[in-house]
Amino acid sequence: MEILQLTNKFADIWYQTNDSNANFGNSIGRREKKSKEAFVDRFFMSMKKLDEDEISVLAESDWFDEFILTQLQALFQDAFSYEHKEINLMFSAEMMKSTKAFSKKVRDLDPELPVESVFQACRNVWIMNGLQLILGYPVELTPSIFAYSMLYPYTDNYVDDPSISTLDKYEFSQRFASRIAGKPVKAKNEQEQKIYHMIELIEGQFDRNDYPEVFESLLGIHRAQTDSMQLQHDTVTSEQALNICLAKGGASVLADGYLVAGKLTAEEKDFLFGYGAYLQLLDDIQDVKEDLEGGLMTTFSLLAKDQKLDSIVYKTYNFGEQVLDHSKKILDRVDLDFKGLLQKSILLFFVESVVVDAQYYSKSFQQELETVAPLSFDYVERRRKFFIPQKHILLEKIEKHAFSVKEQNNCKEEMLNS
């Protein structure tokens, strides 16, 4: 019932949102763009030069942390015009520690998990670390943050596995719902056992009797993900597609909040659901081509069949502005312009999406967005083949660092015990 009420509330906001223009920010001249592009090139080249031998030698010194932090701070300040306070928040010692702890824990538990899956899970860790800050909790990796973040690649890998039949996947979905609800369920295979182990970790932090909302929120996102399977049907309407999108995204970040805090106020629930709905809309923009090719009828892929996406991108950006403005009291808990920080990141997201899927946007819209973009569209297009292989390079370096420290500590233990 809670998910339905929040979905209807934010659907009303969506329908009332302006779709004729948006204030993406101030224009950036060509010379300034060139300077920023040079900073981006230097950052990736410096990351590429790091090899495993260097990291192994320097792993236990502060060199690695300082080097990575310095490079990232320079990139975001000089190339993307982030302010010092914003940079210090994004790359705080606590955030770096949480990221390394997560990477290390993943490799202890599942050393064969691909780096792409680790990165997918790590993105959710970062979101939940940010929510810890906003909701007034220490920024750290908790058992529930680790477990919920790992459910993303684990369940995706299961659902995407072509060797598993549709019937088996449906039956797994039923068993998974029962396990979330606290019923005894026997895993049918190793992958399923990994998934259920994540629920055990959450149960270890949040007692079901004391925190029933935590597990209700997990059931909420499970139902929303199950409902999203309707998007595979051509008969889905634009209204249904929107409601599915808002419910899925909102329920996901609402669960993030419960797994951080255990209990939430009505105001916090509003913020978390709206924020999650906004993030899901952004994901659907990025996936429009893939969704069209795969027959997935989202709000954006439905529209892209018949017209350009200019207006709905304006609408999405303005919807995000309203969500964040509505949550000003909560965001003011942090001594930072969180809205400004997020919208800078969203602009970079729009730039990549429009460059990659230019056919879905008018020339005038592309020109408007390029005017305010920190990098030229030509540069982004030319460098995409270079950036794509580097996409997970930072996490790979952190992983190697975590491994090196672990291996060296193991060696010390063995020497002391011998």
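**View 1. His 222, a buried residue of helix H11.** In this predicted model, His 222 has a relative accessibility of 9%, so it counts as buried, the cut-off being under 20%. The residue is found in helix H11. Set aside the neighbours within four places in sequence, and His 222 is in contact with Ser 173, Phe 176, Ala 177 and Ile 180. Gln 174 is 48 residues away from His 222 along the chain, and their C-alpha atoms are separated by 10.0 Å.

**View 2. Helix H9 against helix H11.** As for handedness, the crossing of H9 and H11 is left-handed. Sorted by class, that gives 6 nonpolar and 3 polar residues, with no charged ones.

**View 3. Ser 217, also in H11.** Ser 217 has its place in helix H11 too. At 7% relative accessibility, this serine counts as buried. Not counting residues up to four places away in sequence, Ser 217 touches Ala 255 and Tyr 258. Tyr 258 turns up again in the next view, as one of the H12 residues that meet H1.

**View 4. Helix H1 crossing helix H12.** The axes of H1 (residues 2–15) and H12 come within 9 Å and cross at roughly 120°. H1 and H12 are therefore oblique to each other. H1 passes H12 in a right-handed crossing. From H1, look for Glu 2, Ile 3, Leu 6, Thr 7, Phe 10, Ala 11, Trp 14 and Tyr 15. They meet Glu 239, Leu 242, Asn 243, Leu 246, Ala 247, Ala 251, Leu 254 and Tyr 258 in H12. The tally for this contact is 12 nonpolar, 2 polar and 2 charged residues.

**View 5. The largest nonpolar core.** This core has 115 residues. Phe 24, Phe 102, Met 150, Phe 319, Phe 350 and Leu 369 are the ones that touch the most other members. Helix H12 (residues 238–261) gives the largest share of the core, with 11 residues. Another core lies apart from this one; it has 6 residues, including Leu 231, Ile 244, Met 297 and Leu 302.

**View 6. Zooming in on Phe 350.** Phe 350 is one of those core residues with the most contacts to other members. Leaving out neighbours within four places in sequence, its contacts are Phe 24, Leu 282, Ile 285, Val 313, Tyr 317 and Leu 369. Among them, Leu 282 and Ile 285 belong to H13, and they also take part in the contact shown next.

**View 7. Helix H13 alongside helix H18.** H13 (residues 266–286) and H18 (residues 338–356) pack at about 15°, with axes 10 Å apart. An angle under 35 degrees counts as roughly parallel, so that is the label for H13 and H18. H13 passes H18 in a left-handed crossing. H13 makes the contact with Tyr 275, Tyr 278, Leu 282, Asp 283, Ile 285 and Gln 286. H18 answers with Phe 338, Leu 342, Gln 343, Ile 346, Phe 349, Phe 350, Glu 352 and Ser 353. By class, these come out as 9 nonpolar, 3 polar and 2 charged.

**View 8. Ser 81, a serine with positive phi.** The phi angle of Ser 81 is near 60°, a positive value in a residue other than glycine. You'll find Ser 81 in the loop between helix H4 (63–79) and helix H5 (84–90). Its relative accessible area is 37%, so Ser 81 is partly exposed.

**View 9. Arg 383 and Glu 37.** Arg 383 lies in helix H20 (residues 377–387). With 24% relative accessibility, this arginine counts as partly exposed. Arg 383 and Glu 37 are 346 residues apart in sequence, but 10.0 Å apart in space, C-alpha to C-alpha. For the chain as a whole, 73% of contacts between residues at least 6 apart in sequence join residues at least 24 apart.

Notes
Residues are numbered from 1 along each chain as its sequence is written. This is a predicted model: local features need pLDDT of at least 70, side-chain atom pairs count only at pLDDT 80 or more; totals for chains, interfaces and linings use all residues. Side-chain values use heavy atoms; hydrogens and water are left out. Axes are lines fitted to C-alpha atoms, for helices over the stretch in contact, and angles run from 0 to 180 degrees between N-to-C directions. Helices (H or I, at least four residues) and strands (E, at least two) are DSSP runs, numbered from the N terminus. Angles under 35 degrees count as roughly parallel, over 145 as roughly antiparallel, 65 to 115 as roughly perpendicular and the rest as oblique. A crossing is left-handed if the near helix is turned anticlockwise from the far one by less than a right angle, and right-handed if clockwise. Contact means heavy atoms within 4.5 Å. Ala, Val, Leu, Ile, Met, Phe, Trp, Tyr, Cys and Pro count as nonpolar, Asp, Glu, Lys and Arg as charged, and the others, Gly among them, as polar. A nonpolar core is a set of buried Ala, Val, Leu, Ile, Met, Phe, Trp, Tyr and Cys residues joined through side-chain atoms within 4.5 Å. Buried means under 20% relative accessible area, exposed over 50%, partly exposed in between (1.4 Å probe, protein chains only).
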